[in-house]
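Could you walk me through this structure in my viewer, one selection at a time?

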2 protein chains.
Amino acid sequence: MSTHQFAVNVTPKPGILDPQGRAVEGSLDHLGISGVSAVRVGRRVELTVDAADEAAARAVVERLAGELLANPLIEAYAIESIGGASSTTSSSPATAGERHA
Amino acid sequence: MSTHQFAVNVTPKPGILDPQGRAVEGSLDHLGISGVSAVRVGRRVELTVDAADEAAARAVVERLAGELLANPLIEAYAIESIGGASSTTSSSPATAGERHA
């Protein structure tokens with residue numbers, strides 16, 4: 001078993017209305033900020049997975065993202081490894097995030 | 001002038017209550033998913049900035065993140081360059097923050 005940390009970035013699909021993004025754009029004038037456009041507001045979910053290996057951990061995250069974190073009709077998601085991953089091979093040194101079961 | 005794409009990842013600071021993260025964790029059993037822990041739910045804001053150069057564009061994003069996108073009392077943010085600069089002047093060198101997918 002090894003411990004892996006992932007982030008799931010969930011963003012509205014192109015063409016899908018994004019009222020939060022419009023709200024940010026509407027606030028730019030008040031802040032005196034110019035040159036900013038195409039603001040899209042999504043979610044970022046960071047999590048830790050204990051699994052046999054990196055592939056198994058990523059499969060868990062894939063399932064979680066597709067079934068719970070993102071609405072596949074209107075949102076796209078990307079999975080990002082953000083650290084804490086450790087190999088199960090004995091030749092690899094332990095990393096700070098590793099936890100043995 | 002050149003165009004730069006950034007993402008701002010906003011996450012609850014350590015120790016700050018994260019009810020959305022707890023809600024995700026509470027749903028894992030129903031989905032038959034195990035081994036997932038430490039779920040933190042934040043926001044991801046993607047945007048495009050037109051500015052003189054990469055440094056100027058990043059400064060705009062820093063200001064936007066600190067003043068509008070994140071609440072510095074309870075949230076941390078990280079700025080990520082997600083798109084290549086498309087410069088309007090052919091003589092501009094490639095920017096250091098550029099990331100190729």
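This is a predicted model: local features need pLDDT of at least 70, side-chain atom pairs count only at pLDDT 80 or more; totals for chains, interfaces and linings use all residues.

Over all chains, a search of the whole structure turns up 12 salt bridges; the tour visits some of them.

**Stop one: a bridge between strands.** Select A:Arg43 and A:Glu75 and show their side chains. They form a salt bridge, with N to O at 3.2 Å. A:Arg43 belongs to strand β2 (residues 36-51) of chain A and A:Glu75 to strand β3 (residues 75-83) of chain A, so this pair ties together parts 32 residues apart in sequence. Now turn on a surface. A:Arg43 is partly exposed, at 26% relative accessibility, while A:Glu75 is buried at 16%.

Next, pick A:Arg44 and A:Glu46. Their side chains meet in a salt bridge of 2.9 Å, N to O. Is A:Arg44 buried or exposed? With a relative accessibility of 5%, A:Arg44 counts as buried.

**Stop three: along a helix in chain B.** Move over to chain B and select B:Glu54 and B:Arg58. The closest N and O atoms of this salt bridge are 3.8 Å apart. Both residues sit in helix α2 (residues 54-69) of chain B, four residues apart, which is about one turn of the helix. B:Glu54 is buried, its relative accessible area being 13%, and B:Arg58 is partly exposed at 29%.

**Stop four: where two chains' helices cross.** Finally, show helix α2 (residues 54-69) of chain A together with helix α1 (residues 19-31) of chain B. At what angle do their axes cross? They cross at roughly 105 degrees and come within 11 Å. Angles of 65 to 115 degrees count as roughly perpendicular, so α2(A) is roughly perpendicular to α1(B).

To see the contact itself, select A:Arg63, A:Leu64, A:Glu67, A:Leu68 and A:Leu69 on α2(A). On α1(B), they meet B:Val24, B:Ser27, B:Leu28 and B:Leu31. Colour this contact by residue type and you will find six nonpolar residues, one polar and two charged.

Conventions. Residues are numbered from 1 along each chain as its sequence is written. Chains are lettered from A and ligands numbered from 1 in the order in which they are written. Side-chain values use heavy atoms; hydrogens and water are left out. A salt bridge is a side-chain nitrogen of Lys or Arg within 4 Å of a carboxyl oxygen of Asp or Glu. Buried means under 20% relative accessible area, exposed over 50%, partly exposed in between (1.4 Å probe, protein chains only). Axes are lines fitted to C-alpha atoms, for helices over the stretch in contact, and angles run from 0 to 180 degrees between N-to-C directions. Angles under 35 degrees count as roughly parallel, over 145 as roughly antiparallel, 65 to 115 as roughly perpendicular and the rest as oblique. Contact means heavy atoms within 4.5 Å. Ala, Val, Leu, Ile, Met, Phe, Trp, Tyr, Cys and Pro count as nonpolar, Asp, Glu, Lys and Arg as charged, and the others, Gly among them, as polar.
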